[in-house]
Amino acid sequence: MARRLPGADGSVSTKIALDGVGGQGVRLIAGVMGALLARMGKEVTVLFDYDSSVRGSMSDAFLIFDDRPIANPVVEEADIMLKLADKGHLRIHGRKVVADLGLDVPGAEQIPFASLGSQQFGKELFGNMIALGRILRLAQIEFDEDAIRESLPRRYVEENVAAIRFGYDLTDEEIARLAAAAPPSRFQMNTAATAATHERMISAGHGVAEREPLEG
């Protein structure tokens, strides 16, 4: 993914949108990535939009990073979009879209994240860390293992670092082969109805306000 030219003020912000449902680790991905970028000296904003009371309902996250302060944390068009479920409500455009295999997303790069998580690391939910690795690669973020370790929750650190590395190292040829060989797969989740209670949380600057409990 080529870097865009700097704006008039010299800044080159990258905007990322994550679309999924509760239980897939959307907030975990955004939280770890935000903490990692902050440790690397970037300006970061993270916004979460999710139904808080029912697992399996919508869960979205929006992340912007730049070398300069970010004036507006709202993502109206994403440079990179990750889609982990077809229940998400996002209607914004993504220049580069990556989707879990089996989702009907025209033009998207398809990767069987859940299947890879199970096959490579023993649990489907490690697929979210594989997805994080792919996003880091597409966003041209250096793989800094020490900073990654410091940004992860304490549980399953070794497995998560390995899963991030796995996603980071995927080539276009490997992705095409995996998509052709693997059956459609989804992250395991509760399919309960969308919650009535809707909660939005915003964190800006160098802090990441919340993380989910880690299950891969």
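What follows is a short exchange about labels and the values behind them.

Modeller: One caution to begin with: this is a predicted model.

Colleague: Why is Asp 19 called buried?

Modeller: Its relative accessible area is 0%. Buried means under 20%, so Asp 19 is buried.

Colleague: What makes Asp 19 and Lys 83 a salt bridge?

Modeller: Their closest N and O atoms are 2.4 Å apart. The cut-off is 4 Å, so the pair counts as a salt bridge. Lys 83 is buried as well, because its relative accessible area of 13% is under 20%.

Colleague: What does the pair of Asp 19 and Lys 83 tie together?

Modeller: Asp 19 lies in strand E1 (residues 14–21) and Lys 83 in strand E4 (residues 77–83), so the bridge ties parts 64 residues apart in sequence.

Colleague: How do you know that E1 pairs with E4?

Modeller: Four bridges join E1 to E4. Pairing needs at least two, so E1 and E4 pair. They run parallel. Leu 18 stands opposite Leu 82 in E4.

Colleague: Which other strand pairs with E1, and in what sense?

Modeller: Strand E3 (residues 58–66), in the antiparallel sense, over eight bridges. Thr 14 stands opposite Phe 65 in E3.

Colleague: What makes E1 largely enclosed?

Modeller: Seven of its eight residues are buried, so the rest of the structure largely encloses E1.

Colleague: Now the core. Which residues have the most contacts inside the largest nonpolar core?

Modeller: Ile 16, Leu 18, Ile 29, Met 33 and Leu 82, in a core of 45 residues. Helix H1 (residues 26–39) gives the largest share, eight residues. A second, separate core has twelve residues, including Leu 47, Val 75, Ala 99 and Val 105.

Colleague: What does Ile 29 contact, leaving aside its neighbours within four places in sequence?

Modeller: Leu 18, Leu 82, Leu 84, Asn 128, Met 129, Ala 131, Leu 132 and Ile 135.

Colleague: Asn 128 and Ile 135 lead us to H3. What makes H3 largely enclosed?

Modeller: Eleven of its twelve residues are buried, so the rest of the structure largely encloses H3. Among them are Gly 127, Asn 128, Arg 134 and Leu 138.

Colleague: How far does H3 reach, and what span is expected?

Modeller: H3 reaches 17 Å from its first C-alpha to its last, close to the expected 16 Å. Just after H3, Gln 140 takes a positive phi of about 60°.

Colleague: Why is Arg 134 called buried, and what is its salt-bridge partner?

Modeller: Arg 134 has 4% relative accessibility, under the 20% limit, so it is buried. Its partner is Asp 172, with the closest N and O atoms 3.3 Å apart. Asp 172 is in helix H6 (residues 172–181) and Arg 134 in helix H3 (residues 127–138), 38 residues apart.

Colleague: Why is Asp 172 called exposed?

Modeller: Its relative accessibility is 53%. Exposed means over 50%, so Asp 172 is exposed. Lys 96, Glu 109, Arg 134 and Asp 172 are linked in a salt-bridge network.

Colleague: Why are Asp 169 and Arg 165 called partly exposed?

Modeller: Asp 169 is at 37% and Arg 165 at 34%.

Terms used:
Residues numbered from 1 in each chain as written. Predicted model: local features only at pLDDT ≥ 70, side-chain atom pairs only at ≥ 80, totals over all residues. Heavy atoms only, no water. Core = buried A, V, L, I, M, F, W, Y, C linked by side-chain atoms within 4.5 Å. Buried < 20%, exposed > 50% of the residue type's maximum accessible area, 1.4 Å probe, protein only. Helix = DSSP H or I, 4+ residues; strand = E, 2+ residues; numbered from the N terminus. Contact = heavy atoms within 4.5 Å. Salt bridge = Lys/Arg side-chain N within 4 Å of Asp/Glu carboxyl O. Expected span 1.5 Å × (residues − 1).
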